[in-house]
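Please read this briefing alongside the model shown below. It takes up a residue annotated in a database record, then the ligand surroundings, a strand residue and a helix.

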Amino acid sequence: MSESHIELSTPATGSHGPGRRRSASELKAIAEQAGTELAEAAPEQLAAWAHEVFGEALVVACSMAGDTVLPHLVSRFAPGVDVLFLDTGYHFAETIGTRDALAAVIDAHIIDVLPRQSVAQQDAQYGERLYSRDPTLCCALRKVEPINRELAGYEAWVTGIRREDNALRAHAGLVEWDQTHEMVKINPLAAWSFDDLTDYASRHHVPINLLLAEGYPSIGCEPCTRPVAPGEDPRSGRWAGVAKTECGIHL
Ligand code: SF4
């Protein structure tokens, strides 16, 4: 197996994608047909289908948290696939270590997607700890704009969202039309439980974020993530104390 390499994506880079060959209406028709025909498909079947239909215009998003099985699974069927990691500048060291460990064992092109501003530049413009005063703006600057910039060059993206994550994701389909990004969205793990993830990781020796075993079932940026007690909502440790459950990239 050839190893991944990790590349930086800056605003000047634009998207790493090959661009879109199909119109939005053509992509929407594909999403709607596949959404019906593949509604019960296994993740492996979805990955093979996605690679066949979209080729290099397929990209995987990975937070290097509980979703490392996703690029592993997709890259088995789409070797060399592009994988987007939003490098916000606020990640736990364990998350960066997970990215590096994953890159060593899968055949994929991991892209570190950078915000327009470094943390220091953002602090200078908006003041320090913007995440504590306006997390929606901080996520917009460090996650939403960067992912939108990259997704513009692809026709379909694969995400690790699962129905059990929260109420907003409870009805996620395996293949959907993503109106926000005007592209096809594939959620192969939508029906999986947390145990399904760890089972796959164990069977295939996929590196997983060490924080998962330390009370962090959902892992985002360090300032906005705390551990949760057994039995608590797994995502209650994200933006705790703030009426916010999503960073915005799936809205
Ligand atoms: S999760 Fe927190 S630190 Fe990360 S981009 Fe969002 S508000 Fe900023």
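**The annotated cysteine and its surroundings**

Leaving aside its neighbours within four places in sequence, Cys247 is in contact with Cys139, Lys143 and Gly220, contact meaning that two C-beta atoms, placed from the backbone, lie within 7 Å. This is a predicted model, in which local features need pLDDT of at least 70 and side-chain atom pairs count only at pLDDT 80 or more, while totals for chains, interfaces and linings use all residues. Residues are numbered from 1 along each chain as its sequence is written.

**Cys247**
- UniProt, in an unreviewed entry, lists Cys247 under "active site"; its positions are given in the numbering used here, feature names are shortened, and annotations may be inferred rather than shown by experiment.
- Cys247 lies in the segment after α8 (194-204), where helices (H or I, at least four residues) and strands (E, at least two) are DSSP runs numbered from the N terminus.
- Cys247 counts as buried because 24 other C-beta atoms lie within 10 Å; the cut-offs are 20 or more such atoms within 10 Å for buried, 12 or fewer for exposed, and partly exposed in between, with C-beta atoms placed from the backbone.

**The ligand shell**
- Tyr131, Cys138, Cys139, Cys221 and Cys224 come nearest among the 13 residues around the ligand, a residue being near if its C-beta atom, placed from the backbone, lies within 6 Å.
- Helix α7 (residues 135-151) supplies the largest share of this shell, 5 residues.
- The shell has 9 nonpolar, 2 polar and 2 charged residues, where Ala, Val, Leu, Ile, Met, Phe, Trp, Tyr, Cys and Pro count as nonpolar, Asp, Glu, Lys and Arg as charged, and the others, Gly among them, as polar.

**Ala61**
- Ala61 belongs to strand β2 (residues 58-61) and is buried, since 24 other C-beta atoms lie within 10 Å.
- Apart from neighbours within four places in sequence, Ala61 is in contact with Leu84, Ile147, Trp157 and Thr159.
- Thr159 is 98 residues from Ala61 in sequence, yet their C-alpha atoms are 5.4 Å apart in space.

**Helix α1**
- The buried residues of α1 are Leu27, Ala31 and Ala34.
- These residues cover an arc of only 80° around the axis, and therefore sit on the same side of α1; the arc is that of the directions from the helix axis to the C-beta atoms.
- Among the elements that cover the buried residues of α1 are β6 (175-178) and β7 (183-186).
- Ser25, Glu26, Gln33, Thr36 and Glu37 are exposed residues on the face of α1 turned away from its buried side.
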